[in-house]
Amino acid sequence: MIRTFDYDKLPIVEVVNEIILDAVRRGASDIHFDPMNEYMKVRIRIDGELTDYTTVPNTLKKNLITRIKIISGMNITEVRLPQDGSIQTVLKDTSLDLRVSSLPCSDGEKIVIRILDYSMSLKGLEHLGFSDHNYRKILEMIAKPSGIILVTGATGSGKSTTVYSILQKLNRETTNVITVEDPVEMDIEGINQVQVNSEIGLTFANVLRSVLRQDPNIIMIGEIRDNETARIAVRASITGHLVLSTIHTNNSLNTIERLLDMEVERYLLASALEGIVSQKLARRLCEECRSMRPANQYEKDLIKNVLNIDIKEVYSAEGCEKCNNGYKGRIAIHEVLLINQAIRDAIAEGTSKEALREMVYKSDVTTLLQDGLEKVVIGYTTCEEVLKLIELDDDIDGKTKEYRYSLNKALEESDLRKSAGDVTISDNIVLSEVDILEEIPDQTQ
C-alpha cells in the first residue's frame with residue numbers, strides 16, 4: 001500500500017488533496033500524520049486496522065501541517081496546544097465531511113483526520129446488521145412514548161451510526177425532535193440540532209435545561225459524559241420525553257452500573273430505562289474470496305457451548321484484489337436488552353450485581369458472544385475476529401480457563417494468525433432464514 005509522491009514537482013496542496021481523496025476511495029475511517037525524527041509517517045485506518053500509507057520529508061512537514069490547519073479552520077500560529085477543526089468541501093466531485101485534531105508531541109504536531117461517512121445511517125435502521133430478533137426489540141423500544149434508550153460501546157464502534165438511524169426512523173412531521181451534540185456530526189432535515197460550546201458555557205447540562213422548555217417529543221444527547229448530564233437525561237425521560245443517548249460501556253450490565261455510579265437515583269433509573277443497545281465492530285469476511293475449512297476442536301466446543309449447535313466447517317479469510325487480507329468492511333455485533341418489570345424491580349431494590357446479571361441474561365437477551373458466533377456460523381466474520389472483541393470471562397461461566405488454555409493451539413491449527421490484521425455495517429440479517437440457526441435456545445450467563 002506504500003505510495004510515493006514526487007515532492008519536487010507536486011505542490012503540497014495537491015499532496016494533501018490526494019492523500020485525503022485516496023483514503024476516501026480506499027474506505028478509510030481515519031488518516032494519521034505521525035511526526036518522527038527523520039520524516040513524517042502517514043497511516044490510514046481501514047476496517048479498524050492502521051496501515052502505513054506514505055512518508056513525508058521533514059523539510060515539508062511544517063508546510064503540510066500548515067495546509068491542513070488552514071483548510072480546517074485552525075490557528076496556524078498555535079503549536080503548543082491541542083486544536084480541533086473540520087473540513088466540509090467538494091474535491092474532484094467527492095463530497096468530504098472531515099473532523100481534524102492536532103496534538104503537540106515531542107517530534108512535532110500529530111494530525112488526525114476522521115472521515116465521516118453517513119451512508120449507513122441514511123440507508124436506515126434495517127441495514128445495520130441487527131438479527132431479526134434484535135431488530136424487533138429495537139422497534140419495540142423506540143415505539144415507547146417516553147423513557148431513555150442508550151447505545152453503548154467503545155469509541156469507533158458505530159454508536160453514532162445507530163443513533164442517527166434511530167432518529168431517521170423517528171423523524172416525523174408530528175414530532176419535535178431536538179438533539180444536543182458535540183459536534184453536530186450529521187445534518188438531518190426536520191430535526192433541531194444544537195452544537196455544544198463549553199467555552200461560552202453552552203454545556204450539555206445547560207442546553208438540556210433549555211431544551212425541556214422547547215416542547216420536545218424526542219431528545220437526543222450526543223454522549224452522557226458526566227453526572228449532571230446523566231441525571232438531567234434520566235429526569236427528562238420520566239417527564240414524558242423519549243431520550244436517546246450514547247455512553248462508553250461494554251454491555252448492558254455495565255451500563256446500569258455506570259449510571260448508578262453517576263449518582264442517578266435507583267428509583268428514577270428503574271422507571272426511566274427502556275432499553276440498552278451494546279455493540280462492537282468486527283471485520284467482515286470478503287464474499288469474493290472467503291472459503292470453507294474444517295472447524296478445529298476449540299471452535300466446535302465454543303459454538304456448542306454458547307449456541308448449542310454442532311458445526312463441522314467454518315469460513316476463513318483468504319485474500320484477493322478486492323479486499324484487505326480476506327476482509328472487506330465491518331459488521332456490527334449487538335447485545336440488545338429490553339427492560340422488563342423484573343429488571344426494573346431489581347434495579348430499584350438494589351439487587352446485587354450477580355443476581356442482576358443472572359436476571360438480565362435469563363431474559364431474551366442474545367449476548368455479544370452469542371450474536372458474534374451466530375455471524376461466524378453464517379459466514380459474515382471469523383471466530384478470531386469475535387474473540388478479539390469479546391472477553392470470554394464475561395460470557396462463559398465456569399469454563400473460561402479450559403477455553404483459554406486451548407485457544408493458542410486452536411489458532412495455530414486453523415492458521416488464523418496469518419489472516420490477523422472497528423463504518424461499513426452489513427445489511428439486515430434475518431437469522432430465521434438460516435436453517436442451522438432456526439432454534440437457538442437462550443443461554444443463562
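Helix α7, which spans residues 227-237, has as its buried residues T229, A230, I232, A233, V234, A236 and S237. This description rests on a predicted model. Elements that cover these buried residues include β7, α6 (204-211), β10 (218-221), β11 (242-247), α8 (252-261) and α9 (266-272). An α-helix has 3.6 residues a turn, so residues three or four places apart point the same way.

The N-terminal end of α7 is capped by D226. A side-chain oxygen of D226 lies 3.3 Å from the backbone nitrogen of E228.

## I148 in strand β7

I148 belongs to strand β7, which covers residues 147-152. With a relative accessible area of 1%, I148 is buried, because this value falls under the 20% cut-off. Beyond the neighbours within four places in sequence, the contacts of I148 are I224, A233, S237, V243, A272, L273, E274 and G275. Two of these contacts, A233 and S237, are listed among the buried residues of α7.

I148 can also be related to I218, 70 residues apart from it in sequence. The C-alpha atoms of I148 and I218 are 9.9 Å apart in space.

## The antiparallel sheet

An open sheet is formed by 6 strands in the order β3-β2-β1-β6-β5-β4, with antiparallel pairing. Strands β3 (49-57) and β4 (83-91) stand at the edges; each has a single partner strand, so one side of each is left without a neighbour in the sheet. From one strand to the next, the twist averages 20°. Helix α2 (residues 58-71) packs on this sheet and touches β1, β2, β3, β4, β5 (94-105) and β6 (108-115). The direction of α2 makes about 115° with that of β3.

Strands of a sheet pair through backbone hydrogen bonds, either parallel or antiparallel. Strand β1 (residues 28-35) is joined to strand β2 (residues 39-46) by 7 bridges, and the two run antiparallel. Within this pair, D30 has R45 in β2 as its bridge partner.

Strands β4 and β5 run antiparallel and are joined by 9 bridges. Q83 is bridged to S102 in β5. The hairpin of β4 and β5 has 2 residues between the strands, and K92 in this hairpin takes a positive phi near 50°.

A further 8 bridges join β5 to β6, again in an antiparallel arrangement. V100 has I113 in β6 as its bridge partner. The hairpin formed by β5 and β6 has 2 residues between the strands.

## Cysteines

The count of disulfides in the model is 0. C286 is buried, with a relative accessible area of 2%.

C323 is likewise in no disulfide, and the nearest cysteine sulfur, that of C320, is 3.7 Å away. C323 is buried, with a relative accessible area of 10%.

## D371 in helix α13

D371 lies in helix α13, which covers residues 368-378. Is D371 buried or exposed? D371 counts as buried, because its relative accessibility is 0%. Apart from neighbours within four places in sequence, D371 is in contact with S131, N134, A332, I333, H334 and T366.

Definitions and conventions. Residues are numbered from 1 along each chain as its sequence is written. This is a predicted model: local features need pLDDT of at least 70, side-chain atom pairs count only at pLDDT 80 or more; totals for chains, interfaces and linings use all residues. Side-chain values use heavy atoms; hydrogens and water are left out. Helices (H or I, at least four residues) and strands (E, at least two) are DSSP runs, numbered from the N terminus. Buried means under 20% relative accessible area, exposed over 50%, partly exposed in between (1.4 Å probe, protein chains only). Contact means heavy atoms within 4.5 Å. Two strands pair if DSSP finds at least two bridges between them. Axes are lines fitted to C-alpha atoms, for helices over the stretch in contact, and angles run from 0 to 180 degrees between N-to-C directions. A polar contact is a pair of N or O atoms within 3.5 Å; within protein, one must be able to donate a hydrogen and the other to accept it, and residues adjacent in sequence count only if both atoms are side-chain atoms. A disulfide is a pair of cysteine sulfur atoms within 2.5 Å.
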